[in-house]
Amino acid sequence: MALLEATNVTKTFGGLTAVNDVTLMIEKGSIASVIGPNGAGKTTFFNMLTGIYKPDKGAILFDGTSIAGMRSDRIAALGMRRTFQNIRLFNNMTVLENVLVGMHTRLHIPFWQIIASAPGVRREETKARDEARERLAYVGLDAKREELAKNLPYGDQRRLEIARALAGDPKLILLDEPTAGMNPQETDAATGLIRRLRDDLGLTVVLIEHDMRLVMSISERISVLDYGTKIAEGDAHTIRSNPRVIEAYLGKGAAGAAA
Amino acid sequence: MAAEANAQTSAQAVRRPIAETLRTVFGPLVQLLLFVIGSAIALSLLVILLSLVQLGARPDLLTRTLTILPQVLIDGLVRGFLFSTIALGYTMVYGVLEFINFAHGEIFMVGGVTGAAVGLFLASVGLLEGMNPLFFVLLVVLIGMIVSGTLAVTVERIAYRPLRGAPRLVPLISAIGVSLVLQDVVRLIMTNSPLGFNARYQSPDFGPPIRLFEMTLGDRPVPIIISPKALVFITAAVIMLIVLNYLVNATRLGKAIRATAQDMSTASLMGINVNRIITLTFLIGGALGGAAGALFGLNVGTVNPYMGFIPGLKAFTAAVLGGIGNITGAMVGGLVLGFLEAFVASYLSLFTNGALSGAAYADIAAFSILILILIFRPSGLLGESTTQKV
Amino acid sequence: MATMSPPTNLWEQVKATLSRGPTGYSFLGLYAAICTWLLLTNPRTSLNTDIAFALFLLLLLLIYRSQVALGFKVVLGGLMLFVVLPIFGTLNPFYIDVATQAGIFVALALGLNVVVGFAGLLDLGYVAFFAVGAYLWGIMSTEQMTLMNPAWSPVPPIMFYPFILLGLIVGATFGVLLGLPVLRLRGDYLAIVTLGFGEVIRVLANNLDRPINITNGSQGIRGIERPPLIFADFVRNTLGLNLDDQQLYQQFFYFAVLLIVMLTVVVVSRLKHSRIGRAWEAIREDETAAIAQGIPLVRTKLLAFAVGASFAGAMGVIFASKQLFINPPTFDLIRSINILAMVILGGMGSIPGVMLGAVLVTMLDLQILPRLATVLRDLQRAGAPIPAAFDPTQYQRLFFGLLLILMMIFRPTGILPDERRKEELVEDQVVDLPLDDGEVDSGEPPPPTQAPPGSGPIA
Amino acid sequence: MALLKLEDVHTYYGKIHALKGISITVNKGEIVTLIGSNGAGKSTTLRTISGLLAPRQGQVLLNDERIDRIPSHEIVKRGIAQSPEGRRIFPRLTVLENLEMGAYLHSTRSVTYQEDLERVFTLFPRLRERVSQKGGTLSGGEQQMLAIGRALMTRPQVLLLDEPSMGLAPVLVEQIFEIIETINAQGMTVLLVEQNALQALGIAHRGYVLQSGRIILEDEAKVLRDNETVQKSYLGLE
């Protein structure tokens, strides 16, 4: 069953078509990748899924709900979370607080009770903290929970972004270039974490990535975008041998190297 | 084929055709003209329509509406050019630094006060009497430009440059501080000098109002007049706009300004002295503001230290209305806002039979427009639709 | 920091000794005693009393900053604020008035701090909400009611108490009304729009005397009612204090303001440390990331606006009643800037900082500038070259302007910075770190330009 | 002969000590590459050389002349050009205007300007096709070409390239590296910062490996490629 169905989605900026009639189905519990050169429309596509842009045309169905043009925060509340290509943490908040913010949609104590400092407030807060620490422990950051996010090393920041996304108890998690700027060792660790998200937590994962080694090894389904259009789709093997993908994206050498 | 393309690009690069330069310089002015005519016609039709609606209750309304219409249009034009010239200062600085120079209204005010001081000085040495009015205008505008331009550059050096790179609100707060300081420093100077708080702007005699034409409404003739000072103001403003357009769109310097506006650190990698460009931007914006102040003071007849605040705020509105960062936009925004205000100021009390004072509600109209524009089209009339990047 | 590393220089050593342990207790106790003695023996308004008063305020700050037991702090601070200062106030009405004014501005600054400091929204029209509250009580409690409609009559003075609550609600409502359309705007635009809104409210107050006289225009509203002194009997007979009505009102307003300030502090700090406070902070840090966590942007910002405005509305009611007279210039831009200066001077986002800022600015306004004026006048008489028309009390703009500029350049975090904001505002003054490829390349083509040819966009 | 030399350079971002004593030599005609993981200080090194950051200690020498105390627009004049990370094309200027900006210090009326332009168009025929298109509408690969071309227009002695292959399709990455080799073959000295260490070491003569602000290895590119640590940490070869 498809958890996410994007049908004939189109987005233009002025005269430029960034995403052109793209259809994409994401199966529940799968790891899928979207690849393509820079400027192919991948991030724009993510931005439409998460409500930052409203698609000009097309429908997006998430877990049975139509979300095309819905506000970002409501989509997030429905259980779709993302990370950003250029890490967007709350830099001057602590690691723990970042995760607590990620939990926002799951905290419901009303305004009046907060002001009155009702007993439920502390209870909810304690519970949230415990859960946040669990998430941090899951990505291996619990020891650093009191540090400011901006003081974390690069790799930890990426992991914190994932922990923050997990805090919302998502059904689907979109990772925008999760290993950009990592060396091969760090990439391997990240690959392991992404795999665990699906295997342990049963999450559905969609990736945008340039690292072909990662993409080919981890994804069940790969979609290739070029100039806003989907030019190919399939498993790693299909993609690697697709002549159009080789021509537009992989190149002959790289296709071999990634094999 | 390659050689041909090559020759073409080379020719393009070496000598831009004069037609091209003319187009980049005058194109915006044509656009401006279209907006002026368009908004004048639209607003005129609107008031005529409104007066026709009320015709049953107040039969004389249409005649009265038509009688004052030409005068309202001229008034709108003067206001419009006032806002345009000030708005340019906001928009240029915003374009380069993405920063609202809140103190720009005070830079304008200093231009006005300087003009009044020049007038007073000339009168005190007895030169004012026989002076050629045009020469006088040239003199006050030049001195106003120099003083305000220098002031703007100094302010940037002292209060803004140390804050570059700080979070957005920090320089904005500093600019608010500068605005307050300038108001009171000028007040201190004025009240301790022969100028006084509300200084009279002395000038040579500009002669009687110019009669443009006469129109007959019913049985009485209505002369349509324009004061020579207003005419001078409009002319000077148009000249400044042309020069600025040339500077920004057709010179190497202008291109450097645009490059700096788009990406400061990369511009410096091209060998552009970014600090000098920023200084220059403040100089140009300040000088324009100073000239506007000198001319405005002349037109109104008095100046005071607080005269810059409201026009400054409205000029900012104009800049936003036109699309902040966009030079043509600032001019268009200024003119549209000027017309709008003139119409509200003149017709509101007429249509409500004096119940609401037009002058007071013109301010409210201006701010309402600002809010409406920002909500429905934050990029302004001519602005680029900026989409948030993620 | 001093607690972490062993005190290095003499100043640090003195500070450490006096702020904790037995020396700390005795120092504070002794200081409090001396201060009380100084105040109660110098009731006449003079430079000496000014200094004693300043020492008194410093004492409160020291109590707050010291590291003695919380109970001791509360008892000593409470004693000073609830007993010493009111008694001193019966001896000298001026200082208790200063304290009341300071209290009003502390509450206003705390409200503005929710908007500016917590949520990061620069509001330059904050005084408008104050005006709304003040006019609410001003109109409803006076003859304006009858002027508006002959069939209406003013509400009885006893309604003052529910009107504080009503002021709160009306303030919040106006906050929402203004916020709804403008909160989508980016920071600096928002600042200008709120400034415009503040001006609109003032212009309306100035012009709503026609066609129906609602605000009495530029004349302002006189004879605003004060609440009946229902506790007069208790004070005079039970406590045996022989105070006249004027003094009783002063004491009443002082305690009313003090209570509201305390309430405000509690509310504001609870919010700050809740999920709502975190959401505000997240929005301040990065709006896009915040909405991606499911934080509804407009609603959360609106809440900040409404909370901030509600304090101003309630304080407006009290202010109108205390002043007996209000007119449009009371609520002009400079007043908004005044409150902003308090927040900035003290430290954006920091509750104790903002309170300190409010007290300092009020002192500057009511005590230091007038004092400076007398000094300058004396100097001028003695022949010093000071321009005749320079009266420091008339040059508030100059002082606040300088204050804003200097704070921004040298200490943007304020005197008592919020730890968090400190990190933010002194962030390395580098525009783009190489690690942050944020704006560099999002992998998408930027939206193409729509500018007409040759229109000369420079940005 | 050392054209560009860094001696014990320390650079800070506020309180963060980003470069902790970097010494690098770039000889005339070489391609030298800096490799290392994110945050190691590669870009910071380039930005220190081009004057966007000022070192707190140590010196940067170009032809034995100190350039670490002069502003970046002056450094360009001395002959250092940088194609910045993320390309940083002026999005609302046309391709030609972008190139003109590169030639800002030289008159666009001169013959040499024409020659420079011609050279860039020969290297990047795609740019000639898009000469009047706005920079922002180019694809990633084209933007990278424009960034390199624009840097070449300043007529540099040393070309600093910051992550030229970042975010490009694998097929384009190959092209970009070929172009760098071509430019070098024409006599240009290149200092290359790359995430893609394998390919960078493939075309470079020498390389430096950076780790948290320090140089941990320096050698001939071939030797580095065979180094075990480098292979494990940066090349992804087991």
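**Helix packing, domains and one leucine**

Modeller: Here it is. Keep in mind that this is a predicted model. Helix α3 (residues 61-97) of chain B packs with helix α11 (residues 309-322) of chain B at an angle of about 70°, and their axes are 8 Å apart.

Biologist: How do α3(B) and α11(B) lie to each other, then?

Modeller: Roughly perpendicular. The cut-off for that runs from 65 to 115 degrees.

Biologist: Which residues in α3(B) meet α11(B)?

Modeller: F83(B), I86(B), A87(B), Y90(B) and T91(B). On the α11(B) side, they meet residues including P311(B), L313(B), K314(B) and F316(B).

Biologist: And what is the contact of α3(B) with α11(B) like by class?

Modeller: It has ten nonpolar, two polar and one charged residues.

Biologist: Switching to chain C. How is chain C divided?

Modeller: Into domain 1 (1-91) and domain 2 (96-434). Their C-alpha centres lie 27 Å apart.

Biologist: How many residues are in contact there?

Modeller: 15 residues of domain 1 of chain C contact 17 residues of domain 2 of chain C. Between them, the two domains bury about 1,400 Å², with 70% of it on carbon and sulfur atoms.

Biologist: Now chain D. Where is L46(D) found?

Modeller: In helix α1 (residues 42-49) of chain D.

Biologist: Is L46(D) buried or exposed, and why?

Modeller: Buried, because its relative accessibility is 0% and the cut-off is under 20%.

Biologist: What is L46(D) in contact with, leaving aside neighbours within four places in sequence?

Modeller: Q82(D), L160(D), L161(D), D162(D), L191(D) and V193(D). S83(D) is 37 residues from L46(D) in sequence and 9.8 Å away in space, C-alpha to C-alpha.

Notes: Residues numbered from 1 in each chain as written. Chains lettered and ligands numbered in written order. Predicted model: local features only at pLDDT ≥ 70, side-chain atom pairs only at ≥ 80, totals over all residues. Heavy atoms only, no water. Helix = DSSP H or I, 4+ residues; strand = E, 2+ residues; numbered from the N terminus. Buried < 20%, exposed > 50% of the residue type's maximum accessible area, 1.4 Å probe, protein only. Contact = heavy atoms within 4.5 Å. Axes fitted to C-alpha atoms, helices over the stretch in contact; angles between N-to-C directions. Parallel < 35°, antiparallel > 145°, perpendicular 65-115°, else oblique. Nonpolar A, V, L, I, M, F, W, Y, C, P; charged D, E, K, R; others polar. Domains from an automatic or database assignment. Buried area = accessible area lost by both parts, 1.4 Å probe.
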